[in-house]
Amino acid sequence: MSNELYVPKGATADAYYALDIDPKRAGWTYSSLRIVELEAGGTHTFTTGDSEWIVLPLQGGCTVREGDAVFQLLGRESVFASVSDFAYVPRDAQAQITSGAGGRFALAGAKCERRLPARYGPAPEVPVEERGSGNCARRVRNFASAGAFACDKLIAVEVITPGGNWSSYPPHKHDEDRPGEESELEEIYYFEIDGPNGLGYQRVFPSREGGADVLAEVRTGDAVLVPDGWHGPSIAQPGHDMYYLNVMAGPGRTREWRICFHPDHTEGYR
């Protein structure tokens with residue numbers, strides 16, 4: 001099983017980011033994710049380049065500036081506490097994040113073509129979906145899903161899986177362009193686990209000869225890359241809720257999330 005798809009906490013850290021996954025690091029074309037940690041009064045400035053970005057508070061609040069646009073993000077106490085407001089920053093720009101009290105912030109990015117305007121995403125407008133049932137129940141926060149918030153290529157959602165439950169189940173894939181049935185999307189899973197010493201498990205297995213194959217034990221700050229293949233389940237340790245941020249993008253002309261469920265695991269679980 002490939003260790004390259006499992007990115008443990010700190011493996012890509014540098015002077016600016018606690019996690020830095022760009023297309024070159026991932027070996028693909030579109031999807032990126034960075035985690036920036038700011039001390040009280042801290043500031044981080046970045047150039048967006050050929051990608052669009054969403055600044056999403058994971059813990060704490062911040063101010064995001066891009067040109068004349070200024071967005072005050074209230075943020076949240078933690079990813080388990082609530083949804084958060086967020087800011088969209090376009091390609092070919094320079095942005096600045098400042099946090100008076102400090103905090104941790106995700107930068108979800110996607111290489112794109114169109115330059116859309118900078119915008120604010122209010123927390124009360126984030127659609128929240130209760131998906132699955134029983135020990136497959138989970139809560140999905142569709143803050144930048146294809147139908148909830150306009151981007152050129154980027155799709156991003158958050159999932160809360162209660163302790164002891166499975167999510168990303170049934171296993172599914174989105175690695176082929178089949179109009180109306182399946183869209184081709186690269187995907188990043190970023191994890192946080194509630195409580196000390198909590199852990200989870202993430203499975204990715206091949207949909208084709210030589211395809212992605214990994215079984216990872218994940219903890220807070222870890223990530224898993226899904227360039228192709230069936231992915232799921234995501235399993236939360238009993239007593240420890242699991243959070244993951246999904247960042248997706250692909251070459252499709254239309255921005256949509258269309259998936260194919262594994263035929264051996266679908267009955268009664270959608």
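## Strand pairing and the open sheet

Two strands are taken to pair if DSSP finds at least two bridges between them. In this predicted model, seven strands form an open sheet in the order 1-19-16-21-13-12-11, and their pairing is antiparallel. The edges of this sheet are strand 1 (6–7) and strand 11 (128–131), each of which pairs on one side only.

Within the order 1-19-16-21-13-12-11, strand 16 (residues 186–193) and strand 19 (residues 223–226) are joined by four bridges in the antiparallel sense. Tyr-189 has Val-224 in strand 19 as its bridge partner.

## Strand 3 and its partners

Strand 3 comprises residues 31–38, and seven of its eight residues are buried, leaving the strand mostly covered. One of its pairings is with strand 2 (residues 19–21), in the antiparallel sense and over three bridges. Here Leu-19 lies opposite Ile-35 of strand 3.

Strand 3 also pairs with strand 9 (residues 103–111), again in the antiparallel sense, through eight bridges. For Leu-33, the bridge partner in strand 9 is Ala-108.

## Pro-263

Pro-263 belongs to the segment that follows strand 22 (260–261). Its relative accessibility is 60%, and Pro-263 is therefore classed as exposed, the cut-off for that class being over 50%.

Pro-263 can also be placed relative to His-172: the two residues are separated by 91 residues in sequence, while their C-alpha atoms are 9.1 Å apart in space.

Conventions
Residues numbered from 1 in each chain as written. Predicted model: local features only at pLDDT ≥ 70, side-chain atom pairs only at ≥ 80, totals over all residues. Heavy atoms only, no water. Buried < 20%, exposed > 50% of the residue type's maximum accessible area, 1.4 Å probe, protein only. Helix = DSSP H or I, 4+ residues; strand = E, 2+ residues; numbered from the N terminus.
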